[in-house]
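Hello,

Here is the structure for your files. My notes follow below it.

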Amino acid sequence: MVYCMEEVLGRFGGIAPVLQEKATSSQGHSGTKTILIIEDDESIGEVIALALMQEAAYTSLVVDNSDAALALLTSQPVHLLLIDYHLANKSGLDVYDHLHTHEALRALPVIIMSASLERHEQELRERNLAGLSKPFDIDDLLILVKQAIG
């Protein structure tokens with residue numbers, strides 16, 4: 001399942017029309033950076049995508065599994081991956097390892113999100129990955145994203 005910002009905004013009944021216009025127009029600019037969120041909890045993925053759009057005008061795409069992520073990554077440019085550690089069928093690190101086998105994706109920055117991040121610190125260090133502990137403050141997310149892709 002893939003969501004673009006127009007779909008996410010359409011699910012939030014209270015979102016002002018001006019925000020919907022901002023999302024639509026920001027996706028059309030070639031300078032806008034795209035973030036792919038791999039999160040199997042639909043509502044969490046939507047909230048993260050909405051926050052990235054509202055607070056920093058990034059284009060955000062949400063998928064719920066590695067197959068959808070790979071299909072999307074081969075069809076359009078993405079500047080950053082935000083991957084939940086605990087996905088339905090495999091861990092976020094397994095997804096990262098699978099995607100990392102593709103030469104074109106090896107330089108793509110990745111942030112792993114987890115409610116139990118401290119248990120995975122060694123694995124993140126071994127792969128030189130940034131981690132974000134859930135629940136997180138949106139400002140912390142934005143700082144990490146800015147460090148990763150500007």
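This is a predicted model. I start with helix α3.

The buried residues of α3 are G45, E46, I48, A49, L50, A51, L52 and M53. Just after α3, A57 has a positive phi of about 60 degrees.

Next, the cores. The largest nonpolar core has 25 residues. L36, I38, L73, L81, I83, L99 and I112 have the most contacts inside it. Two or more residues each come from β2 (34-38), β3 (59-63), α4 (66-73), β4 (80-84), α5 (92-100) and β5 (110-114). The largest share, five residues, is from α4. Leaving aside residues up to four places away in sequence, L99 touches I38, L70, L73, L81 and L105. Apart from this core lies another, of 17 residues, including L82, I111, L132 and L144.

Last, K134. This lysine sits in the loop between β6 (130-133) and α7 (138-149). Is K134 buried or exposed? Its relative accessibility is 14%. Buried means under 20%, so K134 counts as buried. Its side chain makes a polar contact with the side chain of E39 at 2.7 Å. M113 is 21 residues from K134 along the chain, and their C-alpha atoms are separated by 6.4 Å.

Best wishes

Definitions and conventions
Residues numbered from 1 in each chain as written. Predicted model: local features only at pLDDT ≥ 70, side-chain atom pairs only at ≥ 80, totals over all residues. Heavy atoms only, no water. Core = buried A, V, L, I, M, F, W, Y, C linked by side-chain atoms within 4.5 Å. Buried < 20%, exposed > 50% of the residue type's maximum accessible area, 1.4 Å probe, protein only. Helix = DSSP H or I, 4+ residues; strand = E, 2+ residues; numbered from the N terminus. Contact = heavy atoms within 4.5 Å. Polar contact = N/O pair within 3.5 Å; in protein donor to acceptor, adjacent residues only side chain to side chain.
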